[in-house]
Amino acid sequence: MDIKHLRYLMLCSLVVVMHPLQGIAQQNADASRTSLQHTSTERDGQHDFDFEIGTWKTHVARLVHPLTGSTTWVEMEGTSIVRKVWNGRANLLELTAEGPTGHFEGLSLRLYNPQSHQWSLNFSNSNDGTMAQPTIGGFKDGRGEFFDQEPLNGRAIYVRFVIVGITANSCRFEQAFSDDGGKTWEVNWIATDTRVNDESDKPH
């Protein structure tokens, strides 16, 4: 075999080897572009709760015995104060209310996770002083939805917490339970908030 023929064969071999490598490189470049596009278009929701900063009058309706077939509700009137933490990436809600069942004090710490782009809502009441299982979720098209799974009367249930009807001066919160894997939901907590028009309470 002469030198000229050998060089020709080597050149052909390089073309065959390089072709799939170029294809792999192109695939990697396409994947990187897709990943960057996904990251850049991921919604930043760290200011989703800015609308709620301030003081609110709260009307609460609570189903006394959820998931038992009971239809007995109690109502309470109270005040909610929401304070901004970490420039909006967290906030703290304090709720006090009075009703037929007595005095109620609740606390909710909302934390924004910039990696998952989700909020966790961590609730406690003064009767036990411990944080409940956080509900996790976010806002889309002006509606907040948050979920978790926790025990109730020895059974695992799903919990859904929604925030709807958001305006500058009003909003509505609903909590619901499901014991059939989310096929049906029973609302057991409804809070309707109306802003107290104090200039010092408005978000900055």
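Strands are DSSP runs of E with at least two residues, numbered from the N terminus. Two strands pair if DSSP finds at least two bridges between them. This is a predicted model, where local features need pLDDT of at least 70, side-chain atom pairs count only at pLDDT 80 or more, and totals for chains, interfaces and linings use all residues. Residues are numbered from 1 along each chain as its sequence is written, and side-chain values use heavy atoms, with hydrogens and water left out.

Student: In the hairpin of β2 and β3, which residue takes a positive phi?
Tutor: Start with the pairing. Nine bridges join β2 to β3 (residues 90-99), and the two run antiparallel. Four residues lie between the strands of this hairpin, and the one with a positive phi, near 55°, is W86.

Student: Which residue stands opposite T79 in β3?
Tutor: Strands of a sheet pair through backbone hydrogen bonds, either parallel or antiparallel. β2 and β3 run antiparallel. Opposite T79 stands T96.

Student: How many bridges join strand β1 to strand β2?
Tutor: β1 covers residues 54-63 and β2 covers residues 73-85. A61 stands opposite E75 in β2. The strands run antiparallel, and the bridges number ten.

Student: What do the strands β1 to β10 form?
Tutor: Follow the order β1-β2-β3-β4-β5-β6-β7-β8-β9-β10, with antiparallel pairing. The ten strands form a closed barrel. Neighbouring strands of this sheet are turned against each other, direction ignored, by an average of 25°.

Student: Which residue in β9 stands opposite V164?
Tutor: Look at β8 (residues 155-164) and β9 (residues 170-178). Seven bridges join these antiparallel strands. The residue opposite V164 is R172.

Student: Is N125 buried or exposed?
Tutor: N125 is found in strand β5 (residues 118-125). It touches F104, E105 and G106 (heavy atoms within 4.5 Å), not counting residues up to four places away in sequence. Buried means under 20% relative accessible area, exposed over 50%, partly exposed in between (1.4 Å probe, protein chains only). The value for N125 is 18%, so this residue is buried.

How values were computed:
Axes are lines fitted to C-alpha atoms, for helices over the stretch in contact, and angles run from 0 to 180 degrees between N-to-C directions.
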